[in-house]
Amino acid sequence: MAIELNSERGGGAALALGYKFLTRPGITERTVREISAAKGEPDWMLERRLKSFRIFQGKPIPTWGPDLSGLDLSAITYFASLKGGEHRDWKDVPAEIKLQFEKLGVPEAERKFLSGSGAMVESQWVYKSVRKELEDAGVIFMSTDDAVQQHPEIVKEYFMTKCVPPTDNKFAALHGAVWSGGAFVFIPEGVKVETPIQLYFLMNYRGYGQFEHTLLIAEPHSQVSYLEACSAPRYAESSLHSAVVEIFVKKRARVKYTSIQNWSDSVYNLNTKRSVVDECGFMEWVGGSLGAKVSMLYPCSILRGRGARADHIVISIAKDGTVKDGGAKVIHAAPGTTSNVVAKSICLGSGRAGYRGLLRVNKGCANCRASVRCDALLLDSRARSATFPVMEINENKVAIVHEATVGRISEDRLFYLMSRGLGENEAKALIVRGFVEPLLNALPLEYAVEFSRYIEMEIEGPGAVG
Amino acid sequence: MSKLLVKGLHVSIEGKEILKGVDLSVRSGEVHAIMGPNGGGKSTLASALMGHPKYAITSGDVTLDGKSILALDASKRARAGIFLAFQYPQEVQGVSLESFLRMAYNAVHAKQISPLEFRPILEGKMALLGVDGAFAGRYLNDGFSGGEKKRAEILQMAVLEPKIAILDETDSGLDVTALQKVGEGICRIASETGAGCVIITHYERILRYVKPGFTHVMLGGRIVKSGGFELVSQIEKRGYDWLKQAQAPEERTSG
């Protein structure tokens, strides 16, 4: 049975948002049916949800990575819809939600500059805008829920079928059963979207689970940059974020997917993100992983067309008491494909960062080039870092480079910088900023500035390391 | 007019005494050369004066314009006007020499000038040293050749305009052309800013460009001989052995 809320103030929420409908904590088949019914979904989507739920029940919690024993799936609320629905004008968005997004560093001017932008709170979108000329050109940017209703043929074809099937892992299966929201982005053939499209996520409800599904299809010769940013208030109870991102980069298309997550340290962030890249397509993954208690994320590129390319840049900051397990998977499934992976992690306090990567070159895929570089910077003697790179190279005519380093800030380096007048924390922050520079370069300016400020706060701020 | 005064300085590293009572006085505009063979304590003196945390001052004092600087960390000594050109400058990736110099400039001059305001200051200093403009855009010492690193150190000195500059083996690893450029650069900055310079070196060749008015020889953790520029040519001819007589007897027996 679902909990109906009459009060304006949601039970365990930081913001006083009005909730229309919440499922009871925990997950049963009934929960799945309730979510589907609340959305008025067609039968085929309900069938997919139920199939995913059965797969979820049959799979154990993965134990090969970070400790997930603190995550109680029966205590999570899997669906929450707000009163008011989705707004087309930012003015109509409730003030408290607006304030929260302003805090995320989403100034109005920037929203105007974007090709499209959306905001999602809990399970649903609260705001959406798309430039008219892009809509006229056939660009689609809407919540995946709306896409199920409005573009069922496309969603049926691509949704958890060819890219991330529910059988992929326990949390992908859970996602398939309870997913809600996320973006459906469709770029028609030959359309180049010049400025980014962005979607912001906020988890507000205590002990909540957010399961947005992003489906991005870039038709041949098209181009788009899509950005997701996440945030949540901190609670004693654990929250769960388990997204699935599926990206299709068609022939000679180019997609840049950027995600900046700054979840609070009560959030388990367990995502599955993957792209399939056709002939001469180019997929760029840019990730900044700042928050969360435990984060597991290994974006994957399947280079299945000749000449396809994937670049992965990810920077993780493992704060005191948190675990960042991340990496990249690249499957070279066609000849002449190229991949570059740069993964950097910074550990503060007792933070732990792990790099888990897979690089596979299939037999017969000659003339592939791959480079993997992972660096860790430990800012405290209690910090730990580990690297687990797996390489399966089944072809001889390939060029593979792999480099990994783990470093601390040496006394001599600090002395050098301090001898030029920099204070100790200023010197440390400078080294860290230099370390994350590849990411800062790849981010839109506003985010690069935010990211820099964040590092300064973490390292130079009161109670910081050192 | 500034004055750095080193009085009876004893310095230990990890419990081992390296400097055994060093006295030195350097005023604005003066150029001092400290020469001596390896292991004599020259670089220890440089690091200790700048405030490296690994070097423990066991007795003695160092004052700048009458105030002891021993309680200050390296950044505060820099702000007080002390500069050290490193023998082995550190590499920092992802930070351009220009942005680093601006941060250092702001820190030392207690200012907050923008990149736009800093550009002409930097360009002036680079012109003074004959440094190529593209140099400043490169990451701090990252992938620099030996000569480039040393020139970057001198550029930092030019930008920070210290009262007292200590140059630790700035000539080592340089070919003749680079040596001349670095030597002339030091002269120009010293004469322009009036900084007092302490040039630490094994060899007399850099001193041909930067003519010191004072020459000191360091052996066994002490300054065993001081003189004028003529001491440089004496050392060139005779080496250091004849000066070992000047060491205390116990130093000679222990080697």
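Tutor: Strand 9 (residues 214-219) and strand 10 of chain B run antiparallel to each other and are paired over 5 bridges; two strands count as paired if DSSP finds at least two bridges between them. Strands are DSSP runs of E, at least two residues long, and helices are runs of H or I of at least four residues, both numbered from the N terminus. One of the bridges joins Leu219(B) to Arg222(B) in strand 10. This is a predicted model, in which local features need pLDDT of at least 70 and side-chain atom pairs count only at pLDDT 80 or more, whereas totals for chains, interfaces and linings use all residues. Residues are numbered from 1 along each chain as its sequence is written, chains are lettered from A and ligands numbered from 1 in the order in which they are written, and side-chain values use heavy atoms, with hydrogens and water left out.

These two strands belong to an open sheet of 6 strands in chain B, with the order 6-7-8-3-9-10 and mixed pairing. Its edges are formed by strand 6 (82-85) and strand 10 (222-227) of chain B, each of which pairs on one side only. From one strand to the next the twist averages 20°, where axes are lines fitted to C-alpha atoms and angles, from 0 to 180 degrees, are taken between N-to-C directions.

Chain B also has an open sheet of 4 strands, in the order 2-1-4-5, whose pairing is antiparallel. Strand 2 (16-27) and strand 5 (67-68) of chain B are at the edges with a single partner strand each, so one side of each has no neighbour in the sheet. Inside that order, strand 1 (residues 3-13) and strand 4 (residues 55-64) of chain B are joined by 8 bridges in the antiparallel sense, and Ile13(B) has Tyr55(B) of strand 4 as its bridge partner.

Turning to the interface, 33 residues of chain B are in contact with 19 residues of chain A, contact meaning heavy atoms within 4.5 Å. The area buried between chain A and chain B is about 2200 Å², with 64% of it given by carbon and sulfur atoms; buried area is the accessible area (1.4 Å probe) that two parts lose on being put together, summed over both. Phe415(A), Tyr416(A) and Arg420(A) supply 37% of what chain A buries against chain B, more than any other three residues.

On the side of chain A that touches chain B, helix 9 (411-418) and helix 10 (424-435) of chain A each supply at least two residues. Helix 9 of chain A gives the largest share of that side, 7 residues. By class, the side of chain A that touches chain B holds 7 nonpolar, 5 polar and 7 charged residues, with Ala, Val, Leu, Ile, Met, Phe, Trp, Tyr, Cys and Pro counted as nonpolar, Asp, Glu, Lys and Arg as charged, and the others, Gly among them, as polar.
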